Amino acid sequence: MTDQEFAAIFLREYDEVQKSRATSGQAIVYVDNLVNSDPHNALELLAAIIESCTENKQLASVAAGPLENLFVYHGYEIINVIKEKADCSEKFQLALTGVWLDEEDDAIFSQWFQLMQRYNFVGDNPRQGLQRE
């Protein structure tokens, strides 16, 4: 199965969970486990999922869930690859705005904040990020 095929399954499960408030499907659980155990492959898969998102709501869910967890658990290990992905994708840049990190509790905060500055989501006349619901 390709990353894009998996991304379609993941997003379909996400939509089903949102509609029915059911528990997470197998693809969602798989991504969560991958984030914990294999951050590099998780990032590759998350990049495909992010590119497959058709709604900001989906993008926000990926950002505030598995992408945020990737930062918290493995941020320093994968920050350079995250930068490479973001440099090549405005959708990935937008997803970064949905990551919530605590300046005092999350060691990777300063690296994430530098990305927010780099892609002009903070500062004078910033780009608009994902809307918080």
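Helices here are DSSP runs of H or I with at least four residues, and strands are runs of E with at least two, numbered from the N terminus. The model is predicted, so local features need pLDDT of at least 70 and side-chain atom pairs count only at pLDDT 80 or more, while totals for chains, interfaces and linings use all residues. Residues are numbered from 1 along each chain as its sequence is written, and side-chain values use heavy atoms, with hydrogens and water left out.

**Exercise 1. Work out how many disulfides the whole structure has, and where the nearest cysteine sulfur to Cys53 sits.**

Step 1. Set the cut-off: a disulfide is a pair of cysteine sulfur atoms within 2.5 Å.

Step 2. Run the search over the whole structure, and zero disulfides turn up. For Cys53, the nearest cysteine sulfur belongs to Cys88 and is 18 Å away.

Step 3. Cys53 counts as buried because its relative accessibility is 4%. Cys88 counts as exposed because its relative accessibility is 72%.

**Exercise 2. Take apart the largest nonpolar core: how many residues does it have, and which helix gives the most?**

Step 1. Define the set. A nonpolar core is a set of buried Ala, Val, Leu, Ile, Met, Phe, Trp, Tyr and Cys residues joined through side-chain atoms within 4.5 Å.

Step 2. Count the members: the largest core has 42 residues, and those with the most contacts inside it are Phe10, Ile49, Leu67, Phe71, Phe92 and Leu96.

Step 3. Sort by helix. H1 (3-20), H2 (26-37), H3 (39-52), H4 (56-87), H5 (90-96) and H6 (109-118) each supply at least two residues of this core. H4 gives the most, with 10 residues.

Step 4. Zoom in on Leu67. Neighbours within four places in sequence aside, Leu67 is in contact with Leu46, Ile50, Val62, Phe92, Ala95, Leu96 and Val99.

Step 5. Pick up Val62, which is found in helix H4. With 2% relative accessibility, Val62 counts as buried. Not counting residues up to four places away in sequence, Val62 touches Phe10, Leu46, Ile49, Ile50, Cys53 and Leu67.

Step 6. Finish with Leu115, in helix H6. Leu115 counts as buried, at 1% relative accessibility. Its contacts, again leaving aside neighbours within four places, are Phe71, Ile79, Ile82, Lys83 and Leu96.

**Exercise 3. Describe how H1 and H3 cross: what is the angle, and is the crossing left-handed or right-handed?**

Step 1. The axes of H1 and H3 come within 8 Å and cross at roughly 65°.

Step 2. Get the hand. A crossing is left-handed if the near helix is turned anticlockwise from the far one by less than a right angle, and right-handed if clockwise. H1 and H3 make a right-handed crossing.

Step 3. Name the residues: H1 brings Asp3, Gln4, Phe6, Ala7, Phe10 and Leu11, and H3 brings Glu44, Leu45, Ala48, Ile49 and Ser52.

Step 4. Classify them. Ala, Val, Leu, Ile, Met, Phe, Trp, Tyr, Cys and Pro count as nonpolar, Asp, Glu, Lys and Arg as charged, and the others, Gly among them, as polar. The contact divides into seven nonpolar, two polar and two charged residues.

Notes
Buried < 20%, exposed > 50% of the residue type's maximum accessible area, 1.4 Å probe, protein only. Contact = heavy atoms within 4.5 Å. Axes fitted to C-alpha atoms, helices over the stretch in contact; angles between N-to-C directions.
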